[in-house]
Amino acid sequence: MANNIGYLTSKLTPEHQEMYTPYYAVEPIVKYIPKQYKIWCPFDKEWSAFYQTFKNLGYNVVKSHIDDGKDFFIYEPDEYDIIVSNPPFSIKDKILERLYELDKPFAVLLPLNSLQGKSRYKFFSKGVQLLSFDQRIGFHNRSNMNLAIEGSPFATAYFCKNILPNDLIIEKINKYEEATKAAIL
């Protein structure tokens, strides 16, 4: 049996660490977010799939990004009910610490192997919910924003707090819808 060593061999330069979520990976979490919630997307720009999806569905959503002077570790909107985004995986421990300090419901897309780890145990032992998928998702990068690049070397899931009706949910994702949306745009 072959070992999955993609996480060891993938490029680790900053430009290769910045990957963007496709629309098809945002859609599974939408149905769990109450329509009356004000959503904060703290790692997102105007074109992000999270911001665009929630905005187009009529949610009250606020985005922020470090490039706009709104550092997640310092900035916090005056009003919001929930945090939903795809944070930088390379600083996931620091992000999880801040999420638990903020003490708001959240759904953040992280590598599935984030579930394990001595440093994350102190957070997850307080409660964590997972929304996983029937297959690995692909991500966009700066050179290809029209279609997700498939073949991710790792599985991802939404790590949630106080959102899901069960602690573990597995959703089917439809990558065909992503291709259709990209063709329309």
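## Exercises on salt bridges in a predicted model

The protein chain holds 7 helices and 9 strands. The model is predicted, so let's work through it with that in mind.

**Exercise 1.** Find what share of the residues of the protein chain counts as buried, and what share of the accessible surface belongs to carbon and sulfur atoms.

*Solution.* Start with the residues: of 185, 45% count as buried.

**Exercise 2.** Classify Asp67 and Lys45 as buried, partly exposed or exposed, and locate their salt bridge in the chain.

*Solution.* First, check the pair: the N to O distance is 2.7 Å, and a salt bridge needs a side-chain nitrogen of Lys or Arg within 4 Å of a carboxyl oxygen of Asp or Glu, so the pair qualifies. Finally, classify them: Asp67 has a relative accessible area of 54%, over 50%, so Asp67 is exposed. Lys45, at 24%, is partly exposed.

**Exercise 3.** Explain why the salt bridge of Lys172 and Asp134 ties together separate parts of the chain.

*Solution.* The closest N and O atoms of Lys172 and Asp134 are 3.6 Å apart. Lys172 belongs to the loop between β9 (168–171) and α7 (175–184), and Asp134 to the loop between β5 (129–133) and β6 (139–141), so the bridge ties together parts 38 residues apart in sequence.

Technical notes: Residues are numbered from 1 along each chain as its sequence is written. This is a predicted model: local features need pLDDT of at least 70, side-chain atom pairs count only at pLDDT 80 or more; totals for chains, interfaces and linings use all residues. Side-chain values use heavy atoms; hydrogens and water are left out. Helices (H or I, at least four residues) and strands (E, at least two) are DSSP runs, numbered from the N terminus. Buried means under 20% relative accessible area, exposed over 50%, partly exposed in between (1.4 Å probe, protein chains only). Accessible areas come from the Shrake-Rupley method with a 1.4 Å probe; for residues, only the protein chains shown count as cover.
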